[in-house]
Amino acid sequence: ENIDRWIETQFGVRDVSEINRENIYEVINRFNALFPDFNNSDYGKIYGNSARTSAYLLKYGYAYTYLYKSVYSRLFDLMDADEKIDVLSIGCGSKIDMIGLKLALLDTNRENASYYGIDLNDWTDHNTNFCMFPDQGCFDAVNIVEFLGRENDRYNSVNSNIIIFPYSMSELVDAGTPWDSVLNHLPERLVSEKVYIATNIRDGDNEARDEGAFSDLVNKMIEAGYQQDGA
């Protein structure tokens, strides 16, 4: 209500969709100023803080949902109609990408998908965080190094045929050891005949770095016996 009143007072319209292009960037900047800066060095403080987590999801939730719907739709276009959909989401957070998966499925004739999300932080604890669909799919609060290093575990062999890094690949690369673990252990754990890998490539100065890290993973897959087929 306060935002609607501000829009009407400042721009003489009753809905944000009616704001003209000349003013839209001012509106975006004013809206962004209402939220914490999630790109600064204190970003990690979002975890375990329900107010900051709420603000994060409010700011990015709709955009990320659309993003991941687009990602999964493109993956489905690459797949045969009868191929299984078994997702391993590394760094899944609140499982926003699972919303995108559900929406992408609605545009197909497919009825079933499996989802296994892992993250450093336990987003299923509703006292501090928010997890989308906490009772659907699987969620494992675990470090990727520990996850890939498990022995005699039912998930020791990674059965998933879709491996997605939802805005997490760059963080794993920055952390060093976790990304080394992905490169050195993930390809050899995969058992599906066909595997699809997806990640977010940041733009600007980070683009070449992200593309290089993604290429490193593709090369490790090739070393493990996979053949690259398409982009």
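This is a predicted model: local features need pLDDT of at least 70, side-chain atom pairs count only at pLDDT 80 or more; totals for chains, interfaces and linings use all residues.

Trainee: Why is K95 called buried?

Mentor: Buried requires a relative accessible area under 20%. K95 has a value of 0%, so the term applies. This residue sits in the loop between β1 and α4 (96–106).

Trainee: Which other residue has a positive phi of about 55° although it is not a glycine?

Mentor: That residue is Y167, with a phi of about 55°. Y167 belongs to the loop between β4 and α6.

Trainee: Why is Y167 called partly exposed?

Mentor: The term covers values between the 20% limit for buried and the 50% limit for exposed. Y167 has a relative accessible area of 37%, and therefore it is partly exposed.

Trainee: What makes the span of helix α7 close to the expected one?

Mentor: The expected span is 1.5 Å times one less than the number of residues. Helix α7 (residues 177–189) has 13 residues, for which 18 Å is expected, and its first and last C-alpha atoms are 18 Å apart.

Trainee: Where does α7 bend?

Mentor: The bend, of about 30°, is at L183, and the proline P187 follows within four residues. Both L183 and P187 are among the buried residues of α7, which also include W179 and V182. The elements against which the buried residues of α7 pack include β1 (86–90), β4 (162–165) and α8.

Trainee: Why is one void called a cavity and another a pocket?

Mentor: In a cavity a 1.4 Å probe fits but cannot get out, whereas a pocket is an open set of points. The largest cavity has a volume of about 30 Å³. Its lining includes Y167, S168, T199 and D210. The largest pocket has a volume of about 1100 Å³. Of its 29 lining residues, L78, Y196, I197, G230 and A231 are the closest to its centre.

Trainee: Which helix gives the most to the lining of the largest pocket?

Mentor: That helix is α3, with six residues. At least two residues each come from α3 (50–78), β5 (196–199) and α8 (207–223).

Trainee: How many residues of that pocket lining are nonpolar, polar and charged?

Mentor: The lining of the largest pocket has 16 nonpolar, eight polar and five charged residues. For the largest cavity, the division is two nonpolar, four polar and two charged.

Methods
Residues are numbered from 1 along each chain as its sequence is written. Side-chain values use heavy atoms; hydrogens and water are left out. On a 1 Å grid over the protein atoms alone, a cavity is a set of points where a 1.4 Å probe fits but cannot get out, and a pocket is an open set with protein on both sides within 12 Å along at least five of seven lines; lining residues have an atom within 4 Å of a point. Grid points are joined across faces, edges and corners, and a volume is the space filled by probe spheres set on the points. Ala, Val, Leu, Ile, Met, Phe, Trp, Tyr, Cys and Pro count as nonpolar, Asp, Glu, Lys and Arg as charged, and the others, Gly among them, as polar. The bend at a residue is the angle between axes fitted to the seven residues ending there and the seven starting there. Buried means under 20% relative accessible area, exposed over 50%, partly exposed in between (1.4 Å probe, protein chains only). Contact means heavy atoms within 4.5 Å.
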